[in-house]
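Keep the 3D view open as you read.

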Amino acid sequence: MAERHVVRLTVNGESVERLVEPRKTLADFLRQDVELTGTHLGCEHGVCGACTVLLDGDPVRSCLLFAVQADGARVGTVEGLAHDGLHPIQEAFHDHFALQCGYCTPGMLMTVHDLLQRSPSPTREEIRKALAGNICRCTGYHAIVDAVEAAAARLRAAPPREAAR
Amino acid sequence: MATSGTRPRAVGRPVKRVEDGRLLAGQGRFVDDLHLPRMVHAAFVRSPHAHARVRHVSVSRALALPGVVAVLTADEAARLCHPWRGILTDYVGMKTALQYPLALDKVRYVGEPVVAVAAADRYVAEDACDLVEVEYETLPAVVDPEAAMRPGTPLIHEELGDNVIYRGGFDKGEVDQAFARAHRVYRDRFVVGRQTCVALEPRSLVAAYEPREGSLSVWISSQVPHMMQAIFARILGLPEQKIRVVAPDVGGSFGLKIHCYSDDVAACLLAMRLGRPVKWIADRLESFATDIHCREHLVDVEAAVSADGTVLGLRSRAITGVGPWSCYPRSSVVEGNQVIRLLTGPYRIRNYKAELNVVAQNKALMSQYRAVGHPIASMVMESMLDRAARDLQLDPVEIRRRNLVRRDELPYTTAFGYVFESGSYLESLELALDKGGYARWREEQARGRREGRHLGIGLSCFIELTAPGSFYGSGGAPISAQDSATVRVEPGGTVTALIGVTNQGQGAHTAFAQIIADQLGVSVEDVNVMSGDTALVPYGGGTSGSRGAVLGAGASILACRAVAEKVRRIAGHLLEAAPDDVELRDGKVSVRGAPDRSLTLADIGFRVYYQSDKLPRDLEPSLEATAHYTPARPITWANGVHMVVVEVDVETGLVKILRYVTVEDCGPMINPALVAEQVRGAVVQGIGSTLYEHVVYDAEGQLLTRTLMDYLVPGAAEMPDIEVHHLETPSPFTLGGFKGIAEAGTAGAPGAILNAVNDALAPFGVRLTRQPITPDLIRSALRQAPALNRDGRR
Amino acid sequence: MKPAPFEYLAPRTVPEAVSLLARHGEEAKLLAGGQSLVPLMNMRLARPRRVIDLNRTQGLAYIREVNGALRIGGMTRQATLERSPVIGGRCPLLPEALALVGHPAIRSRGTIGGSLAHADPAAELPAAIAALDGQITATGPRGERTLPATSFFLGVLTTALAPDEVLTEIALPALPPRTGTCFLEVARRHGDFALVGVAVVVSRRSDGACGHARLVFCGVGPTPVRVARAEALVSGRRPDAAVFAAVEGLVRETLQPDGDLHASADYRREVAGVVARRALTTAWSRTNHG
């Protein structure tokens, strides 16, 4: 067995230190070692987007990153989107029936969070392209696009204090 | 409603989902989120061959690896359990072999589990799998369904004598005479590729066995916990009361999670042998290789049509290859049967002869996925109608108007024998044309053609078989025909409901909370619905066949009526009124016409639970009731129409959907937003079927589509907005008049899209009869089109 | 789907990375963005004994402009390039191609050097860099060497990099004035690898004719495929619809792609012609603004 490495990072603003095998993915690290199970695994080869988290503010596939690589980084997960209650993006998803089983939802939310940071007023087509790397098998996407439009409007009106980043 | 005296308030409104908060916050509880003390992780050594004899298995190196706690071989697994067989006895003559958890003498599809390993974590378990040595002697693979039937083809199960699992069919009306008097006879072969479900949460299971109690607890991503309890009992040799099956949050299912999978059984055997909890989570490679597949069909069809477009008669011959075994316990013959039985759709076709061949082959097992058979049947019928319309120079709308069953013909019995009691076939079509702007799009299409743009308009009119009552039980399968609800008014006056129907994202808890809230005159927030745990909920059938809303609502209504009756009798005593004069409304229980004489449910709860000694002896101190419900008819038929407009880039073969409009009639809607979302999600799966999704095996039975890079599910960028309109024709035979809705979108999309693409390509003399419709398929058809220059440009 | 065990090494400097590579040879694998390597490792199709992570190696992520030419560090993230005003201004072909590489979360990690070194024949960046006459610098124990992108790609997932070399820099020469570029592809879904794609670079001479021209395809062969005869067909002429159509025909006749699961050889050949015509038309129209 390969030598284990100490990994120190912050997750949703909290310091975390664990000893891990180099091969452990960041996704498994978050789910098993940090016990934040909101980050989901749908494919483990970078296609489905369910495991999307923020790494130093940028969206990444946590299944395609080893935990050792995140040493020293800031990681944001769905659990950190809002301190209590729901983030405006989460509220918009609720209002617009933009989730069904909820399995893709955490990755979807992190992707939307990134999109709206960079592009506060996206068109429906831009939203659809931005979500193209997040598979939702339940909704057919229409309601998610509605929710992102609504969240964008809400965030333009009243940006929240950022928790995850 | 007579039971409660209250006006419906929550039902019919787009009440927001009660399920969302946790899921949005990352606090869902899926099986893989569960961690138990001393839990170990399973992984499987799987067959790399489609068909091979297993010569030798050596596990010693795997067992020696630190962290490995058990290695289970096929022989041992076979000794520890009872094998199973996926037969439904009402399909007379069907045959299939016994199935074991791990491949004994032969492997029969790529991915079949051969050895199971349990280790400290999944990483080590996979390391151990790499150390297991299996010697195979490869055998010729049977891949093509037509070839599978030919004499001399290698046998997948020698003891069965041939590869045919089932032959069926029927001959109704005067088919030969209909063909004899036809103005035209159209013949086509439709080829439908294999698909699979791709629930985003893979199949997942944690099994924990307590040897001293002899009890097994299984947390499993499942639609059918009670069915799993029954089949685990049979296979593992444990009594049902010692098995608890829990389906916690389930990350999508679509028919994936209603079957007995051999790896699930093997994981339970590991847990029983070890006396330690075992977790097994399918990874995506395992999902593609071993989840049930569906659809693969060849359908030869002949339609006899009169000069005015009336379809006089049909003949169909369907062949489907379903993998090495008929799947347990639902079998693998239902999709094929539904293809032939549903083929006539909502059309008045009296004369119909059909034949079905279900054959074994060296591919993964096929069984029921969302809309079982409907999409194929509908696509074939809709395509034949468009072909006839074009040939007879009728508008596609007109030929449908002439053949659709009219309201005044109800109840209508189809050629096969299905009975449509209620429906809105023509009305749905007219509404779809109006909302979709059919006439305007025809103008736009004509303008486009002048400008070199190739638009196509496609329609499909379909029926959806929903809420099957006895469907599998009659064939001997342990699958509940009824469903159940326990409704309890808690001491504080709020309501707990335990429902036999399960929830995989449909919003079932929200819908049932709406029903119960109205029945008991409380608010939706005051109702907590739970499901998915055999130790908690009364016996139920879970979800499948668009049954959840109808059966769950029926059971909930009945349970609420019984609870309301108890409330009225107790309130009548306390308020000195006749129970019949007591009504439940707005959280109050009051005497009709005397609102000042009222109590809250909390008042009554306190009396019943804490002061029951002061109640008369003839009043049962209970505010709880359990009810079970089976619809009065075996099937409740929903219906709908899809209209789609596509643009085909004839140079690249890419299809862009410009407009998607649906009309759905599922009777009165419990929650129109939930209905719309069921439709949209199902439509996108139907679009996936038609344009993207294809499980591909090569000629040797090797699986080529092993990842989400190769098996294409629809993405947000290519999917259209989907407009959903409703008609509400109640069923006369279900409580509340409800009909199912979950599969309609998937049923209707393929026909509409195929017709739209063919409409766009019509000027080139091209007509496709195959799915998925890939850019390559379109280009290749255009290349071979007779009337064109080589590059397909006009 | 979990990777086999490996030893993790994170060199701080390029010489350190090179010496680790030299020491461990074929047993080691360089980890750049990981968006292609890690899926292969998760599926155990790649099982390096040692992983040398370049993400902590200093001095490999930069974008420099020198007299209109660009120098890009091998570990520069695709997302950084996509958003760089310098790149957007000097070389709009790159952001146009990058927008088609996977999805935002992929480009957050994916690097330009990683994409080139992985050499997937369907990938966009190798074709784009070849069309831009990019020069690729490899650093090894014997020092640096620079080779043109066109001779860098040797086959499917195979490059001219020696096992002990690190791809450290990509240099892009300044484009001539009035240059128009276009990256166009046909993919089944947004973000998928291209069934066929093309990078086109054309420059308008002062006399209005086309001067410099490059057409490089992805998805039609084991490497990016440059069709020099098509370039010769446009170069020196005032291209119009007839010329663009002639290029389409020539491309279709020249290319000899293989078929696979996603598209047949015939499809790829035909559609390569189509995207060539369309991209060339667009690129030429853009020379007016260059």
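Start with chain B, which has 20 helices and 31 strands. Bear in mind as you look around that this is a predicted model.

How is that chain packed overall? Its C-alpha atoms fill a box of roughly 90 × 70 × 50 Å along the principal axes. For 794 residues, a compact globule would have a radius of gyration near 28 Å, and chain B has 28 Å, so the two agree. Of those 794 residues, 68% count as buried.

Now zoom in on one helix, α12 of chain B, which covers residues 396-403. Which of its residues are buried? They are Pro396(B), Val397(B), Ile399(B), Arg400(B) and Asn403(B). Look down the axis of α12(B) and you'll see these buried residues fall within an arc of 165 degrees, so they line one face of the helix. There's a simple bit of geometry to keep in mind here: an α-helix has 3.6 residues a turn, so residues three or four places apart point the same way.

What covers those buried residues of α12(B)? The cover includes two strands, β16 (311-321) and β20 (454-466) of chain B. It also includes the helices α11 (374-391), α13 (425-436), α14 (438-450) and α19 (744-761) of that chain. While you're there, check the start of α12(B): a side-chain oxygen of Asp395(B) reaches to within 2.8 Å of the backbone nitrogen of Val397(B).

Chain B puts 54 residues in contact with 45 residues of chain A. Between them, these two chains bury about 4,200 Å², with 58% of it on carbon and sulfur atoms. On the chain B side, Leu24(B), Tyr123(B) and Leu200(B) lose the most area to chain A, together 20% of what that side buries.

Chain A also meets chain C, in a contact that takes 29 residues from chain C and 31 residues from chain A. Here the buried area is about 2,500 Å², and carbon and sulfur atoms give 59% of it. In chain C, the residues losing the most area to chain A are Phe6(C), Tyr8(C) and Arg109(C), together 21% of what that side buries.

Technical notes. Residues numbered from 1 in each chain as written. Chains lettered and ligands numbered in written order. Predicted model: local features only at pLDDT ≥ 70, side-chain atom pairs only at ≥ 80, totals over all residues. Heavy atoms only, no water. Buried < 20%, exposed > 50% of the residue type's maximum accessible area, 1.4 Å probe, protein only. Helix = DSSP H or I, 4+ residues; strand = E, 2+ residues; numbered from the N terminus. Arc of directions from axis to C-beta. Contact = heavy atoms within 4.5 Å. Polar contact = N/O pair within 3.5 Å; in protein donor to acceptor, adjacent residues only side chain to side chain. Rg over C-alpha atoms; globule rule 2.2 N^0.38 Å. Buried area = accessible area lost by both parts, 1.4 Å probe.
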